[in-house]
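Look at the sequence and the model first.

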Amino acid sequence: MTPAMAGQDWNAIDAYEVQSLEALFERDEGRLSAFSLELGGLYFDWSKTHLDAGLLERFVAIAESKDFAAARDSLFAGEIVNATEGRPAEHVAERGTGAPDAVELASGRRGRMRALLDAIEAGAFGDITGVLHIGIGGSVLGPALLVDALGRNGSRAEVRFLSNIDGAAFDDAVSTLDPETTLIVAASKTFTTAETMSNLNAAIGWLREGGVDDPFGRVIAVTAHPEAAVEAGVDETRILQFSEGVGGRYSLWSAVGFSAALALGWSSFEELLEGAAEMDRHFRYAEPASNAPLVSAFIDRLYVRKFECQTRAAFAYDERLRLLPSYLQQLEMESNGKSVRLDGSPIGQPSAPVTWGGTGTDAQHAVFQLLHQGTVLVPVEFLAVTEAEDSLPPDHHRQLLLNAFAQGAALMRGKKSDDPHRSYPGNRPSTTILLDRLDARTLGALIAFYEHRTFANAILLDINPFDQFGVELGKEIARKLDESADDESFDPSTKTLIERAGL
Ligand code: F6P
């Protein structure tokens, strides 16, 4: 397909006459069933978006023109889908749905992970009451989300997460831990990331000061580069390896999830993988028009391209999912925040919107004003869980859910008033994802859904979602400044900041 032909496909979207949400419901009695889907404990409701049958047909044609099915097959076959780094993307192999050799390797490594977990539980490291998980970006956001979401009703060990290179974050993370009974899990794909290495050093010092004679004996390293972990001082027997083909932000299924497995128990970790595998199978085999990640990607494209939305917001109406928006920020923005296609040519259209969000109902009293009456359009995603697991009478949870559903209805319906200050334009889109209950299986499916949606967006845009060269320049300049803060080649603003901070 030539770029001109591809342009034709997008022209079909650009030229399409979009109906208002009200009109879409009025004209099609079957709209809800046509634009919703139930899948393994997850219910997707896209009916309050502007997607209709005509648009869906055109988007499916674009997906076909991009060889969507072949690109998807390449992912599951373990082919080189990360062309700029010459690698496959093997997160699906971690949950058993990738290429057979990669699945076998991942399963063998998972066996080691489990053996280490069993040894810890059997007391091989003495009495362990706490875990300090050190990592940053993809090496922390996933496990932190899992523990926060699923570890509330009885976590097996207290797991604290440390990422930022900020002493205040360190003090905070260790404040409730006892060095004599704490295990360190240092997760870093490269095992060179500055923040993680500095925090690991600080943790070693903290253990030593806390009376631990052999602090490195308490460190478990999780990495794709065991040689770097050995070099840093970690014994080979305590290194859990994962594959270079598993990208950081796609890595919670691998040994990067070790702290979460420790906190939640091995069977929960396996259920998480099974839930993800179920979503993998859906993504792999469902028809495009009823393929949840792909349909969501169509909607993403619709709002970014046709409605020129620069952001999208996800609100978790469930405290247990409060870390999901920040997890999604890395997944979506680091994957698809690109300006060039796979072949290096300019992308020619907006790529990833800024992902942001928060929790409901808090966000209703803070940012929803703009969503209802502001001058920018923000497609919203509501996440809620039918079954409560809290200590309060059912009406409390009922109110939470009603609030979520009311917001979607209000955004769509709007309200006319003679007073412009009290008028709501309505016709503002939202998607609702309702989970029957929040357990390891549904969470696994939900996270895998987001991964595939991100990948599907990348296919539609012809970009590589698996590299992240954009983060390198800042790291390089930080290194240069560290080596020589008075380097004349830096701009006056940067030099003055360094001087003022006394560096
Ligand atoms: O700087 C970005 C990044 O490379 C992310 O992609 C990654 O998840 C994070 O840093 C941590 O990298 P590592 O796991 O190698 O420490």
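Predicted model: local features only at pLDDT ≥ 70, side-chain atom pairs only at ≥ 80, totals over all residues.

Q: Why is Ser-188 called buried?
A: The cut-off is 20 or more other C-beta atoms within 10 Å. Ser-188 has 28 C-beta neighbours inside 10 Å, so Ser-188 counts as buried.

Q: Where is Ser-188, and which residues is Ser-188 in contact with, leaving aside neighbours within four places in sequence?
A: Ser-188 sits in the loop between strand S5 (182-187) and helix H10 (194-209). Its contacts beyond four places in sequence are Gly-135, Ser-139, Thr-193, Thr-196 and Thr-223. Tyr-450 is 262 residues away in sequence, and 22 Å away in space, C-alpha to C-alpha.

Q: Which residues surround the ligand, and what is the shell by class?
A: The ligand is surrounded by 14 residues. The closest are Gly-137, Gly-138, Ser-188, Thr-193 and Gly-248. By class, two are nonpolar, nine polar and three charged.

Q: Why is helix H19 said to lie largely in the open?
A: A buried residue needs 20 or more other C-beta atoms within 10 Å. Of the twelve residues of H19, zero are buried, so the helix lies largely in the open.

Q: How does the reach of H19 compare with the expected span?
A: H19 (residues 472-483) reaches 17 Å from its first C-alpha to its last. At 1.5 Å a residue, 16 Å is expected, and the reach is close to that.

Notes: Residues numbered from 1 in each chain as written. Near = placed C-beta within 6 Å. Nonpolar A, V, L, I, M, F, W, Y, C, P; charged D, E, K, R; others polar. Helix = DSSP H or I, 4+ residues; strand = E, 2+ residues; numbered from the N terminus. Contact = placed C-beta atoms within 7 Å. Expected span 1.5 Å × (residues − 1).
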